[in-house]
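My notes follow in the order in which I made them.

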Amino acid sequence: MTDLPHSSHWGAFSGHWRDGTLTVRPHPDDPDPSPVLGNLPAAVAHPARVAAPMVRRGWLERGPGPDDRRGRDGFVEVGWDEVLDRLAAELARVRDEHGPAAVFGGSYGWASAGRFHHAQGQLHRFLNAAIGGYAYSVNTYSAGAAEVILPRVLGPFEAVVRRNITWEQVAAHTDTVLAFGGMAVKNSAVGAGGVSRHVEHGAMRAAAARGTRFVLVGPLRDDLPPDIGAQWLPLVPGTDTALMLALAHTLAVEGRHDRAFLDRYCVGWPTFERYLLGRSDGVAKDAAWAAGITGLDAAEIVALARRIASGRTLVTVAQSLQRAEHGEQPVWMGVVLAAMLGQIGLPGGGYNYALGSLAHYGRARNAVPVPTLRQGVNGVRAFIPVARIADMLLNPGAEFDYDGRRHTYPDTRLLYWVGGNPFHHHQDLDRLRRALGRVDTFVVHEPAWTATARHADIVLPATTTLEREDIAAAGTDPLMIAMHRLAEPFGQARDDYAIFTALARRLGAEEAFTEGRDVRGWLAHLYSRTQKALADLGSPAPDFEEFWAAGQLRLPVGDDDGGILRAFRDDPDGAALPTPSGRIEIFSATIAGFDYPDCPGHPAWLPPADVPTARYPLRLVANQPATRLHSQFDFGAHSAANKIRDREVCRLHPGDAAARGIADGDVVRLVNARGACLAAARVTDGVRAGVVQLPTGAWYDPLDASQDAPLCVHGNPNVLTRDVGTSALAQGCTGQHTVVEVERFDGPLPPVRAFDPPVPVARPGG
Ligand SMILES: Nc1nc2c(c(=O)[nH]1)N[C@H]1C(S)=C(S)[C@@H](COP(=O)(O)OP(=O)(O)OC[C@H]3O[C@@H](n4cnc5c(=O)[nH]c(N)nc54)[C@H](O)[C@@H]3O)O[C@H]1N2
Ligand SMILES: Nc1nc2c(c(=O)[nH]1)N[C@H]1C(S)=C(S)[C@@H](COP(=O)(O)OP(=O)(O)OC[C@H]3O[C@@H](n4cnc5c(=O)[nH]c(N)nc54)[C@H](O)[C@@H]3O)O[C@H]1N2
Ligand SMILES: [Mo]
């Protein structure tokens with residue numbers, strides 16, 4: 001049997017389905033395929049898949065309305081026609097009684113690769129066409145703070161992140177890479193829309209072989225690969241801004257900063273310099289000061305400052321740093337540090353936010369656009385910063401600050417989620433559970449019984465990409481892939497597109513939603529845009545049938561022109577950035593004018609509120625999992641094989657383990673004021689003392705769902721994290737850090753049941 005081409009966020013592959021087994025092979029051109037591909041074979045027919053439409057018993061019994069039993073109730077299996085009739089009627093009711101702003105359709109989440117079936121795109125298009133729009137969300141859990149601060153002080157997010165330094169430049173030009181938060185290759189294994197070649201580790205090796213020095217600032221040693229000889233500075237998490245300030249201070253007092261660059265290309269240096277030197281607040285931000293905050297050695301900080309002031313230096317800031325209290329500060333201070341070195345806009349130098357946090361950064365852009373699905377016009381203006389979901393549900397009509405304005409939370413009656421898992425991505429899950437009790441109706445389409453599906457009123461079984469046809473493409477990946485169907489849909493699962501088409505029909509909007517096209521019709525239509533652009537360039541432009549049969553198409557790549565940062569450097573006035581001043585804003589009059597105590601007019605060290613206490617003395621780092629993408633296919637073979645006694649693995653330092661009588665492999669309980677979870681302990685000196693690391697993505701598994709703040713027996717760190725915004729400016733997610741205590745768990749070990757589907761209950765009254 002021949003393999004058919006397919007793709008995923010963690011890599012292109014081919015595969016076939018035979019005798020109930022899916023075989024997957026990485027794309028032959030991929031030099032460094034991700035082991036996360038090993039989770040896919042289980043995806044087709046695992047018991048955790050949703051097999052049929054299900055409706056929560058209480059919702060069937062009493063109809064829509066607030067209900068604390070969400071997540072604690074039974075599910076009734078209902079036929080497709082009936083469930084679609086009921087859901088269409090409920091959508092019409094909410095629209096007619098409350099207006100479309102009462103439907104929250106933000107539906108954040110990564111969903112799957114594939115330009116047509118992308119779940120949020122389908123939902124948004126459907127809600128626009130069928131009910132006139134929806135309340136939406138802005139920004140991401142990934143980069144909530146950076147997305148707001150960067151455009152105000154340096155340039156548009158895309159320009160700073162994607163169209164900036166390339167991996168080729170690093171390998172060719174960079175002398176020192178100062179990587180705050182590292183550049184873990186487990187993270188750059190993933191890129192939204194699919195990645196055909198994993199180049200990051202190879203590029204780092206090539207750079208190291210030429211003599212590039214990598215400096216890893218962060219709590220975990222393995223945030224850079226072991227074979228590039230990196231220097232590790234294991235700082236206290238959440239203190240990078242203090243370290244950056246001390247580096248800046250050393251540069252300033254030793255006269256190693258580029259005064260000409262600061263004068264010509266920046267605004268606000270004199271104001272900031274007064275703060276840095278302690279003239280405005282009496283505190284010099286010197287190395288000794290930072291040593292007390294970061295836990296690093298003052299002499300080491302001074303030596304690092306001298307190191308980065310010689311040769312070509314690239315400052316990178318991982319996304320993790322800004323997914324924390326005052327997350328705007330390290331992003332902004334990284335810009336200022338790089339500005340002081342005067343190399344912003346030079347090949348391989350300056351500042352590249354998040355290089356190495358994801359694939360698709362540090363790569364050339366395609367010369368032609370990739371297919372995109374139009375979403376129509378949203379008639380609703382109400383929105384939230386994405387991580388304020390529980391606030392919104394708990395406080396309808398309340399005001400909130402965001403980016404210089406006050407806004408009002410909409411009053412959500414119907415919550416619709418496709419392609420995301422709030423029980424993966426959101427913080428303080430007990431609070432989220434309470435918030436979900438407030439809506440009239442919660443609808444989820446899911447391939448699998450995630451905790452989000454278990455908290456819904458209506459659960460509709462969705463196909464995975466493996467069960468449908470699509471096109472995989474990304475703006476910075478030169479390979480467009482025809483994703484062939486590899487398996488038949490599981491159980492009664494349907495494509496999101498088919499579900500929305502059936503609902504649109506019931507709401508009188510079928511033609512507006514489908515434009516008369518079936519799936520193949522859409523794929524050919526979306527493809528035609530790329531085909532036309534190829535033809536316009538004079539490149540080979542095969543028609544859709546040829547592309548589909550060939551299985552892939554190589555797209556021409558654009559020139560590396562360095563983007564706006566390079567152009568800015570070459571501008572005669574040095575004022576060509578799209579910031580208010582046209583320059584790099586070391587001081588921002590705009591931000592200062594907002595008068596937010598938690599985000600002043602220049603980067604600053606703002607002591608955090610969430611710090612260790614006698615009761616919760618350890619710092620939790622809840623980072624991205626190496627063994628899967630977020631919560632996706634947590635039941636897959638690769639993810640499962642890396643658990644211990646079915647638990648997610650947390651890592652801690654030998655000293656911290658010994659002080660608590662914890663041995664490698666023990667099951668432990670992590671606890672704080674918000675909740676508790678079990679995990680298995682790995683004891684290692686690759687973690688800074690005082691830090692415990694538990695990655696995200698283990699499915700929430702409450703021991704007793706009827707309780708408040710139940711113990712999660714599986715290891716989901718979001719039962720512990722805080723649901724608080726980064727600041728009034730960006731209101732980003734702060735899930736990366738909190739404080740906990742860890743203790744050995746000696747009780748009888750409860751089984752993990754997160755992957756057992758709910759057993760259907762009888763229909764009320766029947
Ligand atoms: N504590 C803490 N929390 C964090 C983070 C952290 O660092 N620390 N990181 C945050 C970050 S950066 C992110 S991006 C978020 C990620 O959060 P999410 O993107 O919400 O996580 P995923 O597990 O990718 O959720 C995608 C869901 O969509 C489903 N799905 C996939 N394909 C389809 C489809 O075609 N149709 C439908 N209907 N469903 C589909 C999958 O089964 C899965 O349940 O988590 C955030 N949460
Ligand atoms: N395998 C895999 N790869 C992924 C994902 C996944 O789920 N799985 N998710 C993808 C997504 S959506 C995103 S947004 C990116 C996220 O990219 P990041 O946010 O950069 O990824 P994380 O792994 O959360 O954090 C990177 C490292 O930062 C370090 N760190 C944490 N806090 C601090 C701090 O205060 N200071 C310093 N200096 N270091 C700190 C941690 O040791 C951590 O390992 O990853 C992407 N890549
Ligand atoms: Mo993310």
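Entry 1, the annotated segment. I began with the UniProt record, an unreviewed entry, which lists residues 6–44 as "domain: Molybdopterin oxidoreductase N-terminal". The coordinates I then consulted are those of a predicted model.

I looked up H16 and placed it in strand β2, which spans residues 11–18. Its relative accessible area is 12%, and because that falls under the 20% cut-off, I noted H16 as buried. I also recorded that the side chains of H16 and D3 make a polar contact at 2.6 Å.

Which residues come closest to ligand 2? I counted 32 residues around the ligand and wrote down K186, D223, G238, D240 and R323 as the closest. By class, the shell around ligand 2 holds 14 nonpolar, 13 polar and five charged residues. Domain 2 (164–364 + 571–594) and domain 3 (618–744) each supply at least three residues to this shell.

On the side-chain side, I found an N or O atom of N187 at 2.8 Å from an oxygen atom of ligand 2. On the backbone side, a polar atom of G181 is 3.2 Å from a nitrogen atom of the ligand, and a backbone N or O atom of P625 lies 2.9 Å from a nitrogen atom of ligand 2.

Terms used. Residues are numbered from 1 along each chain as its sequence is written. Chains are lettered from A and ligands numbered from 1 in the order in which they are written. This is a predicted model: local features need pLDDT of at least 70, side-chain atom pairs count only at pLDDT 80 or more; totals for chains, interfaces and linings use all residues. Side-chain values use heavy atoms; hydrogens and water are left out. Helices (H or I, at least four residues) and strands (E, at least two) are DSSP runs, numbered from the N terminus. Buried means under 20% relative accessible area, exposed over 50%, partly exposed in between (1.4 Å probe, protein chains only). A polar contact is a pair of N or O atoms within 3.5 Å; within protein, one must be able to donate a hydrogen and the other to accept it, and residues adjacent in sequence count only if both atoms are side-chain atoms. UniProt positions are given in the numbering used here, feature names are shortened, and annotations may be inferred rather than shown by experiment. A residue is near a molecule or strand if one of its heavy atoms lies within 4 Å of it. Ala, Val, Leu, Ile, Met, Phe, Trp, Tyr, Cys and Pro count as nonpolar, Asp, Glu, Lys and Arg as charged, and the others, Gly among them, as polar. Domain bounds come from an automatic or database domain assignment.
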